[in-house]
Amino acid sequence: MNTKFGQFGGQFVPETLMNPLIELEKAFVNIKDDDSFKKEYMYYCKEYSGRPTPLYYAKNLTKKLGGGKIYLKREDLNHTGAHKINNVIGQILLAKKMGKKRIIAETGAGQHGVATATICAMFDIPCEVFMGEEDIKRQGLNVLKMNMLGAKINSVTSGTKTLKDATNEAIRHWVANPEDTFYVIGSVVGPHPYPKMVRDFQRIIGDEVKEQIMEKEGRVPDYLIACVGGGSNAMGLFYPFIEEKVEMYGVEAGGKGIETDYHAASISKGRLGIIHGMMTYLLQDENGQIKPVHSISAGLDYPGIGPEHAYFHFINRVKYVAINDREAIEAFRYLTKIEGIIPALESAHAIAYLMKLARETNKEDIIVVNLSGRGDKDMDTLFNVLEELEDGQ
Amino acid sequence: MDSRIKKKFDQITEENRKALITYITLGDPSLDKTIELVLEMEKAGADIVELGIPYSDPLADGPVIQRASSRALSQNINMKSIFSMVSTLRIETEIPLVFLVYYNTVFSYGVERFLNKCKKCGIDGLIIPDLPLEERKILNEKMKDYHIDLIALVAPTSHSRIESIVKEGKGFIYCISSKGVTGIREHFDEGLENFIKEVRKYSKIPLAIGFGISDAESVRNLKSLADGLIVGSAIVKEIEKGLESEDIERRVYEFVKSLKEAIDE
């Protein structure tokens, strides 16, 4: 298998992990086109997680924004509340096939951690989740859930104490336990074969959208929008449409504005570098030190981006744009009020860009937005922000 | 022209002893101190010195070296000040100097520019812990012109990869003693001896064992296996201890001396 997408990707890891990665690649190649594996994966996606998720025609939103027809891919309706579980089902089934005895995972917002802890509970596999101390503070509900599901949570206090550092710590742990441990990475990031493997376990989103939109509209959409941190929900939606005539938008976290130092817009503001075993666009200072990043949404708070996204940007196939914290909060409230759907703050970034883009589209156009997760976990953050806003006024 | 590393190992072989390779993080606690510490270590008997370039995300390092990296980075040091420090140090000593550097630092600085500066200030080798064989091609090509040794790392999990890794190695082969990141260990993998034998089968250049060698005792236990031993975290820990008591140089000198005595016994 080619380990790169153009110049992006690769395997920039300690030698200790090379054979485990080669072993993983072999296992992945074996199940990739295996019907019995696919059947098992589809079984859990359907019966356990509730797939296919609806492609909901957002009538009110369409009317209010006055442009093209808007459909929401309701990944928030998955079991555990986000698209993350698609990938976790796939990877843990693979881990079982490989005979691995324990599972580790990193998590930012906690969605991937909860999904991993959930599937581990179901299959009765020991699970450890690495989570930054900062994120533990701002995602209390998910921490509670993981605890109840029986996962051990390792609070990460190194570096910026967020997703990036949780990933470092998970990799370090894997280096120490490469034989019996399976590392379930939560996004299309990390060394090969993770970006390809996670993509393949997430493309079910786009595959379903294709079928659903053909049924409803008889044609492919004109626009796809999804938020990108590492980029797994976006890759899942985009990938099956890459060869089609569809405009795609990946929405990065603009934080306090990409002109400030407080954002997580790796493509808009980063330059080529290495993080977590991959060559990609990276937010780094002039000395090549990885910069602290900021986003109100813990799931987008990441200084790199999946290498295939970097490639899609490089070849100009997908447009990457940024939405700042304030716009995301507005979109969060807007969607909640207009459609009665409370989005995750991550997904609210995609909605915010939709609010800009929809106005420029024609009534005949079809827009699909990936509503990657639901917002229960963010109510605390929102509550605090809204209080601050009111105090400020 | 033989590199300083090769000359040093030739001399060590002639003297029928083993090499002591010591590591500290550049700029921990300051670049001026780094110069003094290298000279102290040399006085105490170190044969080769590894200088770690502090990095924000040291993936292969345990907590001790992570903390050293943070201490160094809080001094606002950068490649410019590091290269200038090494040039100053080079005037004072001929000891072989090796950078331990994460690839993003090299890549971000510009590979050729980095190598050029290394050569100018007298760096003899590079150890890049996150650049496995598969990703080395570009660097290997460019390094030929600079007479800097790219030191290859082999791990206990390398198995069938050992032959091809070792073939590319220059200077010495860095044998990672056990799974995991850098740091002090209670015990080593049982298969260490066989692992080293396997590496020896393919290597024409000296072997050095690193990761987890914490004191004179572990030096005594391991020295017969290889041509050299690498001690890092344990020395950095001495620096850490010396921060408050303000006797870093003395601590490092005495600790390295104890290692030297153990390796020469």
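In which strand of chain B does B:E50 lie?

1. B:E50 lies in strand β2 of chain B, residues 48-52 (strands are DSSP runs of E, at least two residues, numbered from the N terminus). This is a predicted model, in which local features need pLDDT of at least 70 and side-chain atom pairs count only at pLDDT 80 or more, whereas totals for chains, interfaces and linings use all residues. Residues are numbered from 1 along each chain as its sequence is written, chains are lettered from A in the order in which they are written, and side-chain values use heavy atoms, without hydrogens and water.

2. The unreviewed UniProt entry places the feature "active site" at B:E50 and B:D61; such annotations may be inferred rather than shown by experiment. B:E50 is buried, at 2% relative accessible area (buried means under 20%, with a 1.4 Å probe and protein chains only).

3. B:D61 belongs to the loop between β2 and α3 (63-73) of chain B and is also buried, at 5%. Beyond its neighbours within four places in sequence, the contacts of B:D61 include A:R172 and B:Y102 (contact means heavy atoms within 4.5 Å).

4. Chain A and chain B each give 34 residues to the contact. The area buried between them is about 2,800 Å² (accessible area lost on being put together, 1.4 Å probe, summed over both parts). A:E15, A:R172 and A:Q289 supply 24% of the area that chain A buries against chain B.

5. Four salt bridges link chain A and chain B (a side-chain nitrogen of Lys or Arg within 4 Å of a carboxyl oxygen of Asp or Glu). One of them pairs A:K4 with B:E135, with the closest N and O atoms 2.7 Å apart.

Notes
Helix = DSSP H or I, 4+ residues; strand = E, 2+ residues; numbered from the N terminus. Buried < 20%, exposed > 50% of the residue type's maximum accessible area, 1.4 Å probe, protein only. Buried area = accessible area lost by both parts, 1.4 Å probe.
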